[in-house]
Structures are given as C-alpha cells and as structure tokens.
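Me: I would like to go through this model and examine the grounds for each term applied to it. Please set each value against its criterion.

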Amino acid sequence: MGHLYNFFIGDSLSTDISEILTGVKNGKQEDYDKLRRKYSPLISKEVFSFNMSGAGSESELRDEAERALLSAAVSFDETLGVGFGYYAKVCIRNALITLRRAVISREKKLEKMNAIPSERRKRSFEAFEGMNQDEIMEKISAVLSPYEKKVFIMSLEGKSAGEIAAIVKKDEKSVNNAIFRSRSKIRKMNET
C-alpha cells in the first residue's frame, strides 16, 4: 500500500493530475469524479482510521473527506513546492480532525444535557418517596399553579428551560422562575 501513497505524494505534479485539477477548478464534474477515483485509496485509508476512533459514521467521514479533496483541488497552488497528493492528504486529515472534534463536542453537550435533567429529577422526587403516581400528582396539584405544574412536569421529563419556554410560549426566565418556585414549594411541602 505504501507504493500507492508514494505515487500520490510525489514531489512533481504529473501532467495527468495537473489537467484534472484544472478541470476541477473550472467546475468540470467528470474531472472531479476522476480525481475522486484516483484518490479513493487515500480517502478510504483516512476514513477507516478515523472511523476506528469513533469520529463519526463511515458515510459522514467519507462525505467530509470528499469535500476536503474537492477543496484541496480548488485551493491547490503548484508554487507551494509540495505535491498535490501530500497537500490533499493534509487537507483530508485536517477536515476529519475537525469533524472528530465536533462529534466529541456534540457528545459532551449531550452528556451534560442528559446529566442535568436526571439530577434534577432525582432531587425533585426525593419529596415523593413511597408514593404512587396518583398521590404524587395530587400533592403537586395542591401546591403548584397550573403553569408551575406544567413546567415542573416538563422539567422532570428532561426538557431544558429553553425547550419548555418554546412549548409554553413564555420567556426562558419565566420558565426558570416557575421551576425554582415549584421546587421551593415542594421542598416546603415536604418539610411540613
């Protein structure tokens, strides 16, 4: 496999690749298809490598790698003193690293979002230990306004204040206040 990459990463730009790059820069789809076929082994190797690290789905990685190849073809400058194969490899790898970072960031945000509601649920339900669902709803209804009850239940379901605000068509601050009031009332109810 190494000999294939030596061909792609060579120092001199072959006439064939030069013509293909010119066609790609001029928007010729058939030249982009040729380029993609020619660099398919490189794309496959990089996609496989990043897919093994959990950086995204194979199709997502392949799409990103192909976009990076197109971008490399359009932005390549022969005067840089580097072969197109090496330039394309660096562009593809950088695009996949960026994608991996985005996936990791997205996963961390999801973990954080999921952790907050479960902790919220745990604290809120401590007041109702040993009760069945009907008893809980009866107690909540006795101390909370209809708005507070609606907001409180949605927060227990794991919805964020922003999501609840969009549903009830109120400001997020109003929703946060209702959640705070609900928790305070339930804590007081539990103390008595």
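Me: What pattern does the protein follow when read along the sequence?

Reply: This is a predicted model. Read along the sequence, the pattern is α-α-α-α-α-α-α-α-α-α. The protein has 10 helices and 0 strands.

Me: How many residues does the protein have, and what percentage of them is buried?

Reply: The protein has 192 residues, and buried residues make up 32% of them. The criterion for buried is a relative accessible area under 20%. Among contacts with a separation of 6 or more, residues 24 or more positions apart account for 61%.

Me: What makes Ile-179 buried?

Reply: Ile-179 has a relative accessible area of 7%. The cut-off for buried is under 20%, so Ile-179 counts as buried. Its place is in helix H10, residues 172-191.

Me: With which residues is Ile-179 in contact, leaving aside its neighbours within four places in sequence?

Reply: Ile-179 is in contact with Val-151, Ser-155 and Ile-164. The C-alpha atoms of Ile-179 and Ser-155 are separated by 7.6 Å, although the two residues are 24 apart along the chain. Contact is judged on heavy atoms within 4.5 Å.

Me: Why is Lys-169 called exposed?

Reply: The relative accessibility of Lys-169 is 72%. Exposed means over 50%, and Lys-169 therefore counts as exposed. Lys-169 is found in the loop between H9 and H10.

Me: What is phi of Lys-169?

Reply: Phi of Lys-169 is near 60°, a positive value in a residue other than glycine. Most residues other than glycine have a negative phi. A positive phi, near 100°, also occurs at Gly-158, which follows H8.

Me: Why is H7 called oblique to H8?

Reply: Helix H7 (residues 133-143) and H8 pack at an angle of about 135°, and their axes are 8 Å apart. That angle makes H7 oblique to H8, because roughly perpendicular covers 65 to 115 degrees and roughly antiparallel needs over 145. The crossing of H7 and H8 is right-handed.

Me: Which residues of H7 and H8 meet?

Reply: Met-137, Ile-140, Ser-141 and Val-143 in H7 meet Glu-148, Lys-149, Phe-152 and Ile-153 in H8. By class, the residues of this contact divide into 5 nonpolar, 1 polar and 2 charged.

Me: What angle do H8 and H9 form, and how far apart are their axes?

Reply: H8 and helix H9 (residues 161-168) pack at an angle of about 135°, with their axes 10 Å apart. H8 and H9 are therefore oblique to each other. H8 passes H9 in a right-handed crossing. On the H8 side the contact is made by Tyr-147, Lys-150, Val-151, Met-154 and Ser-155, and on the H9 side by Ile-164, Ile-167 and Val-168. The contact of H8 with H9 has 6 nonpolar, 1 polar and 1 charged residues.

Me: Which residues of H8 are buried?

Reply: In H8, residues 146-156, the buried residues are Glu-148, Val-151, Phe-152, Met-154, Ser-155 and Leu-156.

Me: Which residues touch the most other members of the largest nonpolar core?

Reply: Leu-21, Leu-35, Tyr-39, Leu-69, Phe-84 and Ile-92 do so, in a core of 26 residues. Helix H2 (15-25), helix H3 (29-38), helix H4 (40-52), helix H5 (58-75) and helix H6 (84-125) each supply at least two residues of this core. The largest share, 8 residues, comes from H6. Apart from this core lies another, of 9 residues, among them Val-151, Ile-164, Val-168 and Ala-178.

Me: With which residues is Leu-35 in contact, leaving aside its neighbours within four places in sequence?

Reply: Leu-35 is in contact with Ile-17, Ile-20, Leu-21, Val-24, Leu-69, Ala-73 and Phe-84.

Me: How do H3 and H5 pack, and which residues meet there?

Reply: H3 and H5 pack at an angle of about 115°, with their axes 11 Å apart. Their crossing is right-handed. Tyr-32, Leu-35 and Arg-36 in H3 meet Glu-66, Leu-69, Leu-70 and Ala-73 in H5. The residues of this contact divide into 5 nonpolar, no polar and 2 charged.

Methods:
Residues are numbered from 1 along each chain as its sequence is written. This is a predicted model: local features need pLDDT of at least 70, side-chain atom pairs count only at pLDDT 80 or more; totals for chains, interfaces and linings use all residues. Side-chain values use heavy atoms; hydrogens and water are left out. Buried means under 20% relative accessible area, exposed over 50%, partly exposed in between (1.4 Å probe, protein chains only). Helices (H or I, at least four residues) and strands (E, at least two) are DSSP runs, numbered from the N terminus. Axes are lines fitted to C-alpha atoms, for helices over the stretch in contact, and angles run from 0 to 180 degrees between N-to-C directions. Angles under 35 degrees count as roughly parallel, over 145 as roughly antiparallel, 65 to 115 as roughly perpendicular and the rest as oblique. A crossing is left-handed if the near helix is turned anticlockwise from the far one by less than a right angle, and right-handed if clockwise. Ala, Val, Leu, Ile, Met, Phe, Trp, Tyr, Cys and Pro count as nonpolar, Asp, Glu, Lys and Arg as charged, and the others, Gly among them, as polar. A nonpolar core is a set of buried Ala, Val, Leu, Ile, Met, Phe, Trp, Tyr and Cys residues joined through side-chain atoms within 4.5 Å.
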